[in-house]
Amino acid sequence: MSEQQRHPSDTSSIILSPRLVRNTQSANPDDDLECSLHYLPKPLLREFSHVFNNEHVRFGSNDGNLQLLAIPTNQRAREDLVAVGDHIEAEKDRLLNVFLTFGKCICEQLRSQGYWADYIDPCSGLPMISLNCNKVYSEVDGMECLLNYKAYNAGFCKILTHPKWGSAVYPATIFAYAPVEVAKSLMALFPSAS
């Protein structure tokens, strides 16, 4: 199946619905992430190619089961992230570090099997692994497209609103070019959070 082919009855990009998972890279129970797995839908394919410059095509080109996949993650923040102050910046730093550890783990697992994977730095919107990529990925736009989460404008900034957590949410995304079953198996290694 090529990267743009799916089962004809598919009307959604969702492969695995969002679930709260325990970040096994951390002992802190506050470091859980909501994760899901998606085919990359058409509205994001163009964005993906602008951000990554087709870096993924150098990997696993002989495997006909490769799919462009997105693994959007959301973390529940201890604070409403629309607010300002040193305590908000400290919380954003904590959430960033949780995601960077998780994203690195997922990408290392996939890359060790010969598949392409990268994750977005939520602060800059730039890829963490792929070199020479200078286009910014919008996490808020991605969550709107992949999960149908709502957003609103606050000045020059778009604010994501999670259906349960409101604007106390920290979005970040991992991308992969791998077989769906490989990505599903990898996601299954992370136990559900209680």
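Me: What do buried, exposed and partly exposed mean here?
Reply: Buried means under 20% relative accessible area, exposed means over 50%, and partly exposed is in between. The model is predicted.

Me: Why is Gln113 called partly exposed?
Reply: Its relative accessible area is 44%.

Me: Where is Gln113 found?
Reply: Gln113 is in the loop that runs between helix 2 (86-112) and strand 4 (116-119). Gln113 and Ala178 are 65 residues apart in sequence, and their C-alpha atoms are 9.4 Å apart in space.

Me: What makes the pair Gln109 and Gln113 a polar contact?
Reply: A polar atom of the Gln113 side chain lies 3.4 Å from the backbone oxygen of Gln109. The cut-off is 3.5 Å, so the distance is within the limit.

Me: Why does Arg94 count as buried?
Reply: Arg94 has 15% relative accessibility. Buried means under 20%, so Arg94 is buried. Arg94 lies in helix 2.

Me: Which residues is Arg94 in contact with, leaving aside neighbours within four places in sequence?
Reply: Arg94 is in contact with Asp30, Asp31, Arg76 and Arg78.

Me: Which residues have the most contacts inside the largest nonpolar core?
Reply: They are Leu40, Ile106, Leu110, Ile174 and Phe175, in a core of 51 residues. Another core, of seven residues, lies apart from it and includes Ala77, Leu81, Leu96 and Tyr170.

Me: What does Phe175 touch, not counting residues up to four places away in sequence?
Reply: Among the residues that Phe175 touches are Leu40, Phe48, Phe52, Trp116 and Tyr137.

Conventions
Residues are numbered from 1 along each chain as its sequence is written. This is a predicted model: local features need pLDDT of at least 70, side-chain atom pairs count only at pLDDT 80 or more; totals for chains, interfaces and linings use all residues. Side-chain values use heavy atoms; hydrogens and water are left out. A nonpolar core is a set of buried Ala, Val, Leu, Ile, Met, Phe, Trp, Tyr and Cys residues joined through side-chain atoms within 4.5 Å. Buried means under 20% relative accessible area, exposed over 50%, partly exposed in between (1.4 Å probe, protein chains only). Contact means heavy atoms within 4.5 Å. Helices (H or I, at least four residues) and strands (E, at least two) are DSSP runs, numbered from the N terminus. A polar contact is a pair of N or O atoms within 3.5 Å; within protein, one must be able to donate a hydrogen and the other to accept it, and residues adjacent in sequence count only if both atoms are side-chain atoms.
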